[in-house]
Amino acid sequence: YYTMPFVEGETLRQILRKARLREKQGEKPEDIGGSIAALVRIFLNVCHAIAYAHSKNVLHRDIKPENIIVGQYGEVLILDWGLAKLIR
């Protein structure tokens, strides 16, 4: 059997769309992607995860906002490693 944890949260694409919509409507940001500092924190976490994968000679090869999920407590996960490749 192959098991995976269930991950609750929003993709980075969903977060960016909501933040852009709120900005256009002139609303105050309320969610995790509502400030530049929060988005930079997400970006840095993605960079750290990719750097770790590269240190283990693994390339993800499909990094995009749909494959990055931010959990309800702010944890950042990179999903869909199906195209990952081991490099030598």
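## Nonpolar core

Nine residues make up the largest nonpolar core: L12, I15, I42, V46, I50, I68, V70, V76 and I78. Such a core is a set of buried Ala, Val, Leu, Ile, Met, Phe, Trp, Tyr and Cys residues joined through side-chain atoms within 4.5 Å. Buried means under 20% relative accessible area, with a 1.4 Å probe and protein chains only. Two or more core residues come from each of α1 (12-24), α2 (36-55), β3 (68-71) and β4 (76-78). The largest share, three residues, is from α2. Helices (H or I, at least four residues) and strands (E, at least two) are DSSP runs, numbered from the N terminus.

## Basis of the model

This is a predicted model, in which local features need pLDDT of at least 70 and side-chain atom pairs count only at pLDDT 80 or more, while totals for chains, interfaces and linings use all residues. Residues are numbered from 1 along each chain as its sequence is written, and side-chain values use heavy atoms, with hydrogens and water left out.

The mean pLDDT (the predictor's confidence in each residue, from 0 to 100) is 90, and 95% of the residues reach 70 or more. Confidence is lowest in α1, with a mean of 87, and highest in strand β2 (residues 58-59), at 97.

I78 lies in strand β4. Its relative accessibility is 11%, so I78 counts as buried. Leaving aside neighbours within four places in sequence, I78 is in contact (heavy atoms within 4.5 Å) with V46, A49, I50, H60, I63 and N67. I78 and V46 are 32 residues apart in sequence, and their C-alpha atoms are 7.2 Å apart.

With neighbours within four places again left out, V76 is in contact with R41, I42, N45, V46, I68, I69 and V70.

## Overall architecture

The protein has two helices and five strands, in the order β-α-α-β-β-β-β along the sequence. Taken along the principal axes, its C-alpha atoms fill a box of roughly 50 × 30 × 20 Å. Among contacts between residues at least 6 apart in sequence, 57% join residues at least 24 apart.

## Surface and charge

Of the 88 residues, 23% count as buried. The protein exposes about 6800 Å², of which carbon and sulfur atoms supply 58%; accessible areas come from the Shrake-Rupley method with a 1.4 Å probe, and for residues only the protein chains shown count as cover.

The mean positions of the 13 positive and 10 negative charges are 8 Å apart. Lys and Arg count as positive and Asp and Glu as negative, while His and the chain ends are not counted. Each charge is placed at NZ of Lys, CZ of Arg, CG of Asp or CD of Glu.

Notes:
Buried means under 20% relative accessible area, exposed over 50%, partly exposed in between (1.4 Å probe, protein chains only).
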